[in-house]
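Look at the model below and follow its strands, its helices and the spaces between them. The text takes them in turn.

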Amino acid sequence: MRISRRTFAAAAVALVLPVSACGSGGDDGGSTDASGKVEGDITFQTWNLRANFKPYFEGLIADFEKKYPGTRVKWIDQPAEGYADKISADAAGGTLPDVVNVSPDLVAPLAEAGLALDLDKAAGKYKSEYLDGAWAGHQVPGLSGTYAFPWYLNTGPLFYNKSLFKKAGLDPSTPPKTYDELFADALRLAKKSDGKVATLANVPTIEDFGRYGVQLMNKEGTGFAFNDAKGVELLTKYKELYDAKALDPQALTATPESSGKKFLTEAVAMNPGSALDLGNFKKQAPNLYKNIGITDQITSTGHVNMYVMGVMVNSRTKHTPAAVAFAHFVTDARNQMSFAKKVAIFPSTAGSLDDPYFTKEDGTDETRVRIAAAKSLKNAVNYTPVLFSEQMKTALRNEVAKALQGKESPKTALDNAVKACDQLLKQQG
């Protein structure tokens, strides 16, 4: 897939396996034993990566086949459009490739259907090679185990418009660091501009509730919990912003792309992004680029949000040792580092983020963003629950909209959202 923070946000597509594929597992035709000889023909599926990274993957496969002479890897790449449906159809039809590029929400139903190999059992010896938060990224509530090797990560800072801050009488060298400061600055910006300049352009999503410190699910992973006092407090604050036009009036229908455009045209004072966005600002909005401020994601937990991609092994593969060896090879420190230098993503392997590429300043904004993101990723978490599907995101968004418009109280809206998400969760089981 085209790798950017926004794509990660949009890429978490819901996957519901047909009932016939549901069950508590079993490993028909496969084996969890990865200790045998690494040999045999396996298939490897990526997610919209061939167009931009063909030479990288061809080189990677050639290196693996050279290291293990009895192996052959057939690489298939699926388009971004319909990727979840393709995986679902393959899972139901017994044609799932041996090694598959997944995101956490894609791996959950496969793990529940017994189609994802538990790497804690089959490849636990590799766990220490990865960042703790990344390894935990493909664990599924209600199941013990880890169901994919962590691959590349992404996160990004908050960008802000220094000239808009200055016009509102705010110090552009001290952007908000806490939620209280963010909300106070946003109300001031709206007041000073007579409601013409909003600070934020997006309604709160599940990851925003997570960053605010709201407990998103119960401990067992059997129900959602973001309608607690802290969740209600966050939505109430957003309602105040919305009423004061400190939250863009079009936020209810905004996409990451439309919010990005608002920031580009200087109608919005802050927007999340990644190192990739800086080139875009430089080219499309030189005036904004000249006044760009870069600060950390705001969080009450001390942990920023990260997006994580993984590489899963099909539990029914006929060549478990080869499939596990290849999935590990794709995601080992050397190969992740080489991939990270081709595109603005970050390795999930322990120690890689200490490489000079992620620590040494060279005076450019691009490097500054890369270094800040790498530092924050060391203890970042993926706040979006593995079981939180696209339908659940829509249910939450619809209820948030009602609260912001004053059609429901924040408490009622979140109670209704939790109820709808719990109902959808039961249907997934």
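Helices (H or I, at least four residues) and strands (E, at least two) are DSSP runs, numbered from the N terminus. This is a predicted model, in which local features need pLDDT of at least 70 and side-chain atom pairs count only at pLDDT 80 or more, while totals for chains, interfaces and linings use all residues. Residues are numbered from 1 along each chain as its sequence is written, and side-chain values use heavy atoms, with hydrogens and water left out.

Begin with the sheets. Strands of a sheet pair through backbone hydrogen bonds, either parallel or antiparallel. Here two strands count as paired if DSSP finds at least two bridges between them. Strand β1 (residues 40-47) runs parallel to β2, and 8 bridges join them. Tryptophan 47 has glutamine 78 in β2 as its bridge partner.

Contact means heavy atoms within 4.5 Å.

Another open sheet is formed by 3 strands in the order β6-β5-β7, with antiparallel pairing. Its edges are β6 (270-272) and β7 (292-295); each has a single partner strand, so one side of each is left without a neighbour in the sheet. From one strand to the next, the twist averages 25°. Strand β5 (residues 158-161) pairs with β7 over 4 bridges in the antiparallel sense, and tyrosine 160 stands opposite glycine 293 in β7. Helix α11 (residues 256-264) packs on this sheet and touches β5, β6 and β7, its direction making about 140° with that of β6.

Now turn to the aromatic rings. Rings of Phe, Tyr and Trp (its six-membered ring) pair if their centres lie within 6.5 Å; planes under 30 degrees apart count as stacked, over 60 as edge-to-face and the rest as tilted. The structure holds 30 aromatic pairs. In one of them, the rings of phenylalanine 57 and tryptophan 151 have centres 6.1 Å apart and planes at 75°, so the pair is edge-to-face. Phenylalanine 57 lies in helix α2 (residues 50-67) and tryptophan 151 in strand β4 (residues 149-154), so the pair ties together parts 94 residues apart in sequence.

Grid points are joined across faces, edges and corners, and a volume is the space filled by probe spheres set on the points. The structure holds 2 cavities of 30 Å³ or more. The largest cavity has about 60 Å³ of space, and helix α17 (residues 365-377) gives the most to its lining, with 4 residues. The lining of the largest cavity includes Val369 and Ala373. The second largest cavity, with about 30 Å³ of space, has Val369 and Ala373 among its lining residues too.

Technical notes: Axes fitted to C-alpha atoms, helices over the stretch in contact; angles between N-to-C directions. 1 Å grid on protein atoms, 1.4 Å probe; cavity = no way out; pocket = protein on both sides within 12 Å on 5 of 7 lines; lining within 4 Å.
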